[in-house]
Amino acid sequence: MARTQVAADRAAAPQLRSGCPVACSLDVLGDRWTLLVIRDQFAGKARFGEFLTSPERIPTNILAERLKRLEHAGIIVSTPYSQHPPRFDYHLTERGRALGPVVDAIALWGLEQFPGTRRGLQRVSHAEVS
C-alpha cells in the first residue's frame, strides 16, 4: 500500500520530545553556538571561514556540526562553490529568515540587561541574505 503525503511528512519529521513550542525550539536552537551562527547569517556571512572570524571564536568541529544540524532542520541551505576541495556557501531559508525578529529581540534584551554591550553586527536585508 502506498504511503500518503501526510504519512510521508510525519515519517520525515523529527520526533518531538514535548508538545511545548519552547522546548521544540530549544531542541534546534538551544545551545551556546547555534543562534550566533544564525546571527552571523543575518549579518551576511555565508562561508565557513567567515563564521570563524566572529569574536566568539567557535571551534571548527562545532561549527561544522551546527551547520549540518541547521541544514537538517531546514533553517539553512548549502550550495557548493568549489568542487576541489569541496566548499559551500550557506544561506538562510524562509524558515531561517523567520528567526530575524527572535534574534533582534534577544539582542535588544541583551543591550538592556548587560551594560557595555553593543550590537557589533547589523542585519542585512532579507533580499541580500536569501
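Axes here are lines fitted to C-alpha atoms, for helices over the stretch in contact, and angles run from 0 to 180 degrees between N-to-C directions. Helices (H or I, at least four residues) and strands (E, at least two) are DSSP runs, numbered from the N terminus.

This is a predicted model: local features need pLDDT of at least 70, side-chain atom pairs count only at pLDDT 80 or more, and totals for chains, interfaces and linings use all residues. Residues are numbered from 1 along each chain as its sequence is written, and side-chain values use heavy atoms, without hydrogens or water.

**Helix packing**

| Pair | Angle | Axis distance |
|---|---|---|
| H3 (residues 34–42) and H7 (residues 100–113) | about 110° | 10 Å |
| H3 and H5 (residues 60–72) | about 75° | 10 Å |

H3 is therefore roughly perpendicular to H7. H3 and H5 are also roughly perpendicular (65 to 115 degrees; under 35 is roughly parallel, over 145 roughly antiparallel, the rest oblique).

Contact means heavy atoms within 4.5 Å. Toward H7, H3 uses Leu-35, Ile-38, Arg-39 and Phe-42; they meet Gly-100, Val-103 and Ile-106. That contact holds 5 nonpolar, 1 polar and 1 charged residues. Nonpolar covers Ala, Val, Leu, Ile, Met, Phe, Trp, Tyr, Cys and Pro; charged covers Asp, Glu, Lys and Arg; the others, Gly among them, are polar.

Toward H5, H3 uses Thr-34, Val-37 and Ile-38. Their partners in H5 are Leu-63, Arg-66, Leu-67, Arg-69 and Leu-70. By class, the H3 contact with H5 has 5 nonpolar, 1 polar and 2 charged residues.

**Strand pairing**

S1 (residues 76–82) pairs with S2 (residues 87–92) in the antiparallel sense, over 6 bridges. Pairing requires at least two DSSP bridges between the strands. Ser-78 has Tyr-90 in S2 as its bridge partner. The two strands, S1 and S2, form a hairpin with 4 residues between them.
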